[in-house]
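Please look over the model below before reading the points that follow. They are set out one topic at a time.

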Protein chains: 2
Amino acid sequence: MHVLITGAAGMIGRKLTERLVTDRGLCGQPVEKLTLVDIVAPSRPAGFSDHVKTRAADLADPGVAEKAVSERPDVIFHLAGVVSGEAELDFDKGYRVNLDGGRALLEAVRKTGDGYKPRVVFSSSMAVYGAPLPHTIPDDFNLTPLTSYGTQKAIVELMLADYTRRGFLEGVGIRLPSIVVRPGKPNKAASGFFSGIIREPLAGQEAVLPVSEAVVHTHASPRSAVGFLIHGAELPREAIEPHVNITMPGVCCTVGEQIEALRRVAGDRVAARIRREPDPLVVRIVDGWPQRLSGKRAIELGFTFEQSFDEIIRVHIDEDIGGKFVS
Amino acid sequence: MHVLITGAAGMIGRKLTERLVTDRGLCGQPVEKLTLVDIVAPSRPAGFSDHVKTRAADLADPGVAEKAVSERPDVIFHLAGVVSGEAELDFDKGYRVNLDGGRALLEAVRKTGDGYKPRVVFSSSMAVYGAPLPHTIPDDFNLTPLTSYGTQKAIVELMLADYTRRGFLEGVGIRLPSIVVRPGKPNKAASGFFSGIIREPLAGQEAVLPVSEAVVHTHASPRSAVGFLIHGAELPREAIEPHVNITMPGVCCTVGEQIEALRRVAGDRVAARIRREPDPLVVRIVDGWPQRLSGKRAIELGFTFEQSFDEIIRVHIDEDIGGKFVS
């Protein structure tokens with residue numbers, strides 16, 4: 001089993017790589033070869049003595065996608081992309097990386113031909129949805145993204161479905177909810193506070209909450225995100241087609257409930273490190289985002305996720321900060 | 001007012017050109033200049049002594065889209081594209097013409113900059129929907145096209161919405177229902193029989209019906225299609241954004257009801273010229289198509305259409321065959 005991961009240096013890419021190395025298998029077969037591609041060189045996974053290739057390259061550049069698939073990976077996890085904020089700030093870069101890069105990968109697979117038909121698992125996003133939205137978004141809801149990022153994700157989803165239908169590959173689009181708690185430093189994404197209000201207080205630092213505690217959102221841990229991708233790679237075709245893009249479930253809760261969970265898991269002193277400082281711009285952006293995802297189809301297909309926000313916090317403590325926090 | 005029509009040599013393009021020439025205006029202003037582009041040279045409209053440019057060119061070719069918008073048309077009707085059957089038979093051509101051509105046009109507008117912000121009316125299709133479908137498709141239904149054509153239309157819709165949101169242009173996507181009665185010769189489109197079973201009998205010729213009379217579909221006349229496009233050009237922005245792609249309404253009826261309408265309008269002898277000859281391939285294709293479109297939003301926005309299939313037949317008799325048929 002040869003696995004290619006694009007965007008392998010990103011947070012999900014690294015955790016997926018670790019998981020494949022730990023599991024040593026995918027789809028019931030041993031992983032014998034890993035090809036890791038990203039715009040910066042992905043690090044070589046520890047404890048994996050088998051064949052690993054890492055490459056720093058841009059899929060949208062001529063020849064890169066062709067080279068990435070030239071050794072015919074059986075499963076491709078296509079995670080590469082620029083994030084929402086960057087795609088909004090740099091229009092050309094967003095379309096180039098998120099649309100042209102994705103299309104180049106699909107085209108490279110198609111043009112290989114000769115019976116080559118890999119499973120292609122694409123990390124999409126609930127950003128394909130945009131306001132006005134119903135209380136809970138059903139699986140058959142319209143795609144009306146309100147960001148360039150969401151537009152690019154929706155476009156690659158559509159192509160993935162068409163390439164699958166035409167028999168060029170076996171696509172699965174995994175529409176991720178908000179992934180929290182993101183480890184590492186705060187970033188400037190408008191959604192950053194969903195992680196920040198958990199991560200910084202656990203690290204003994206103050207976090208700023210720019211929106212009301214009444215804001216509702218759907219979350220899953222990075223561990224669940226990796227699980228979604230792997231389950232997407234392992235599902236039988238007949239369970240997926242023809243509608244290959246699947247909205248993932250998650251924990252739907254208010255920001256207030258997130259904070260209550262933090263208090264239960266880590267105590268009052270930790271939860272007190274959150275400072276309320278409303279930011280009208282963030283309030284307006286978050287207002288257009290999906291709140292509750294039904295995820296009904298994904299649940300029926302056996303995708304698993306946390307059942308409470310407490311669990312999501314515990315995953316972060318276990319997986320990212322060595323089981324300890326600053327109480 | 002300068003109007004650009006891409007795909008101007010096609011059936012809808014020709015009828016739209018005629019209508020603009022007859023009306024002599026659009027959006028309450030006189031049409032002073034027409035630029036007509038298609039892959040074959042569009043004919044110059046009769047009775048329009050003002051400035052008309054016609055050009056045979058492919059929008060996906062370098063420089064063509066830039067040239068088409070170089071004189072800053074105020075309204076662009078983007079109708080160019082290859083039809084469903086062709087996009088399915090020739091994968092590369094479909095993506096090149098329908099996706100790359102459309103994108104090139106949007107990009108040419110964006111790169112003009114300098115305050116240029118035309119209204120761009122895009123003829124999309126109900127092919128953006130695909131089975132399984134509800135009894136009546138609501139305006140907020142998922143985009144799950146089951147053809148490459150529908151995929152390409154959905155992608156350009158998404159880009160149109162994003163380019164509009166970013167302020168590069170004022171997009172309106174008009175999702176057309178099935179347009180009947182198409183004048184001219186029978187074509188090989190799977191949907192061809194919807195027109196054929198009306199057109200051929202009225203011309204004294206036999207028509208083949210390849211599906212059951214129970215098949216339900218939503219129809220509008222070419223005259224209504226042109227009306228949809230013009231209304232799309234004239235609607236105020238605030239009525240359209242942010243969801244700029246609008247599903248049109250039409251006459252929902254069974255094939256049996258189409259035939260009954262033909263009998264009422266043209267008599268038993270005409271209706272008797274339809275031969276039932278089921279074609280399993282066509283039956284299967286048609287089975288995946290949308291049946292009833294709600295069109296609620298479009299109706300609220302004032303888009304007008306026929307109220308019966310009888311009316312659709314009469315439009316064909318009046319407009320395309322000189323008011324007479326072979327009884």
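**Notes on the predicted model**

1. In chain A, a set of residues in H4(A), namely Phe91(A), Gly94(A), Tyr95(A), Asn98(A), Leu99(A), Gly102(A), Arg103(A), Leu106(A) and Arg110(A), meets Ser148(A), Tyr149(A), Gln152(A), Lys153(A), Ile155(A), Val156(A), Met159(A), Leu160(A) and Tyr163(A) in H5(A). Two residues are in contact if their C-beta atoms, placed from the backbone, lie within 7 Å. By class, this contact has 10 nonpolar, five polar and three charged residues. Ala, Val, Leu, Ile, Met, Phe, Trp, Tyr, Cys and Pro count as nonpolar, Asp, Glu, Lys and Arg as charged, and the others, Gly among them, as polar.

2. The axes of helix H4 (residues 91–112) and helix H5 (residues 148–165) of chain A come within 9 Å and cross at roughly 10°. Axes are lines fitted to C-alpha atoms, for helices over the stretch in contact, and angles run from 0 to 180 degrees between N-to-C directions. H4(A) and H5(A) are therefore roughly parallel to each other (angles under 35 degrees count as roughly parallel, over 145 as roughly antiparallel, 65 to 115 as roughly perpendicular and the rest as oblique).

3. On the basis of the model: it is predicted, local features need pLDDT of at least 70, side-chain atom pairs count only at pLDDT 80 or more, and totals for chains, interfaces and linings use all residues. Residues are numbered from 1 along each chain as its sequence is written, while chains are lettered from A and ligands numbered from 1 in the order in which they are written.

4. Chain A has 13 helices and 16 strands. Helices (H or I, at least four residues) and strands (E, at least two) are DSSP runs, numbered from the N terminus. The C-alpha atoms of chain A fill a box of roughly 60 × 45 × 40 Å along the principal axes.

5. Between the chains, 19 residues of chain B are in contact with 19 residues of chain A. Helix H5 (residues 148–165) of chain B gives the largest share of the chain B side, eight residues. The chain B side has 10 nonpolar, five polar and four charged residues. The copies meet through the same surface, because 100% of the interface residues of chain B are also interface residues in chain A.

6. A rotation of 180° with 0.0 Å of shift along its axis superposes chain B on chain A (RMSD 0.0 Å). The two copies are thus related as by a two-fold rotation axis. In chain B, the C-alpha nearest the axis belongs to Asn142(B), 1.9 Å from it. Copies are superposed by least squares on the C-alpha atoms of residues with pLDDT of at least 70 in both.

7. Some backbone details deserve a look. A cis peptide bond joins Glu241(A) and Pro242(A), with omega about 5°; Pro242(A) is in the loop between helix H8 (237–240) and strand E13 (245–247) of chain A. Arg72(A), although not a glycine, has a positive phi of about 55°, and is found in the loop between helix H2 (64–69) and strand E6 (75–78) of chain A.
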